[in-house]
Amino acid sequence: MPELPEVETIRRQLEPDLVGRRIETVEILDHYFTKPESPAAFERAVEGREVVDVGRRGKYLLLELEDGDSVVIHLRMTGSLVLLAPDGIENPGDPRVYPAATGEKHLKARFVLDDEGELRFSDPRRFGRGFVAGPEALNEYFASRLGVEPLSDEFTVEEMARISANRTGPLKSFLLNQKGVVGVGNIYADEALFRARLHPLTPTGSMRPEHHRALRDGVVEALIRGLDLGGASIDDYRDAKGERGSMQNEFLVHRRAGEPCPGCGAPIERIVVGGRSTYFCPSCQVKLRRRPRRT
């Protein structure tokens, strides 16, 4: 599933070419994309509107429209957004001349722009979703689902201590819970925990101030590295140019079971935490003891 670095990579690529463009027509080819809203209602809400900003909240991509509404798109597991240049543009130096990354078979939605370029959403497994919401409804929607942005100034050591206090579940599950830290999924949780030298089964509430700092820094470092490399393309992920990321070539522990740890050389192990494959170094990553609850 695309995580924060993948979605942010797409956002940065789309922003210069979408902002100021008008969405002339929308064609929803699969009703699952807008469910439970009807495709016709979605199309009416978007057509003829200018895009004034391209944002992101957690793993959600936001196309802000001129009237304050936003088109919200969640890629889920296999969704992809590709921007195609208008027909007839042959200049290879034009940044909008992107190759078609996905075939017509899995095309779910088309946004035709006023320059005849197209933003296309494809999704082989049909889990991706899109909806339109105003500012108040969108704030309410995110408030009940999302926590702190890890690349924002609000993600401090003190905030890490606050959101992790008194939690008894394992650190891996804590990082995957979007109500705490948003945008972190299976890949970057493993990479962050290795950087923090913390075992994925460590009880979250057992951390002390030095661990709060280590985990906070580990999350930020892992995400920034993913951004620098254009995200990780293990299975389906492609960016808005239809290209693969390269973070998968620099994983420290994720999907490296049996290989030597880059820190100590011990074999990396794989376990299952909360139903997710989890990779770690049993030598470098310390499992803290659960601290007694204060009365």
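Buried, as used here, means under 20% relative accessible area, with exposed being over 50% and partly exposed anything in between (1.4 Å probe, protein chains only).

## Ground rules

This is a predicted model: local features need pLDDT of at least 70, side-chain atom pairs count only at pLDDT 80 or more, and totals for chains, interfaces and linings use all residues. Residues are numbered from 1 along each chain as its sequence is written, and side-chain values use heavy atoms, with hydrogens and water left out.

## Salt bridges

Let's start with the charged pairs. A search of the whole structure turns up 22 salt bridges, each being a side-chain nitrogen of Lys or Arg within 4 Å of a carboxyl oxygen of Asp or Glu. One of them joins E149 to R56, with the closest N and O atoms 3.0 Å apart. This pair ties together distant parts of the chain: E149 sits in the loop between α3 (135-143) and α4 (157-164), R56 in strand β2 (residues 49-57), and 93 residues separate them. Helices (H or I, at least four residues) and strands (E, at least two) are DSSP runs, numbered from the N terminus. E149 has a relative accessible area of 13%, so E149 is buried; R56 comes out at 18%, so R56 is buried as well.

E149 also meets R57 in a salt bridge, at 3.1 Å from N to O. Again the link spans distant parts of the chain, from R57 in strand β2 to E149 in the loop between α3 and α4, 92 residues apart. These residues belong to a network of salt bridges that links E8, R11, R12, E15, R56, R57 and E149.

Elsewhere, K172 pairs with D190, and their closest N and O atoms are 2.9 Å apart.

Eight strands form an open sheet in the order β5-β7-β6-β1-β2-β3-β4-β8, with antiparallel pairing; two strands pair if DSSP finds at least two bridges between them. β5 (80-84) and β8 (129-133) are the edge strands, each with a single partner, so one side of each has no neighbour in the sheet. On average, neighbouring strands are turned by 25 degrees against each other, direction ignored.

Six bridges join β2 to strand β3 (residues 60-65), and these two run antiparallel; G55 has L62 in β3 as its bridge partner.

Helix α1 (residues 4-18) lies across β2, β3, β5, β6 (107-113) and β7 (118-122), running at about 160 degrees to β2. α3 packs on the sheet too, touching β2, β3, β4 (70-74) and β8, and its direction makes about 130 degrees with that of β8. Contact means heavy atoms within 4.5 Å. Axes are lines fitted to C-alpha atoms, for helices over the stretch in contact, and angles run from 0 to 180 degrees between N-to-C directions.

α4 and helix α7 (residues 209-228) pack at about 110 degrees, their axes 9 Å apart. They are therefore roughly perpendicular to each other (65 to 115 degrees; under 35 is roughly parallel, over 145 roughly antiparallel and the rest oblique). On the α4 side are V157, M160, A161 and S164, meeting P209, H212, R213, L215 and R216 in α7. The contact residues divide into five nonpolar, two polar and two charged (Ala, Val, Leu, Ile, Met, Phe, Trp, Tyr, Cys and Pro count as nonpolar, Asp, Glu, Lys and Arg as charged, and the others, Gly among them, as polar).
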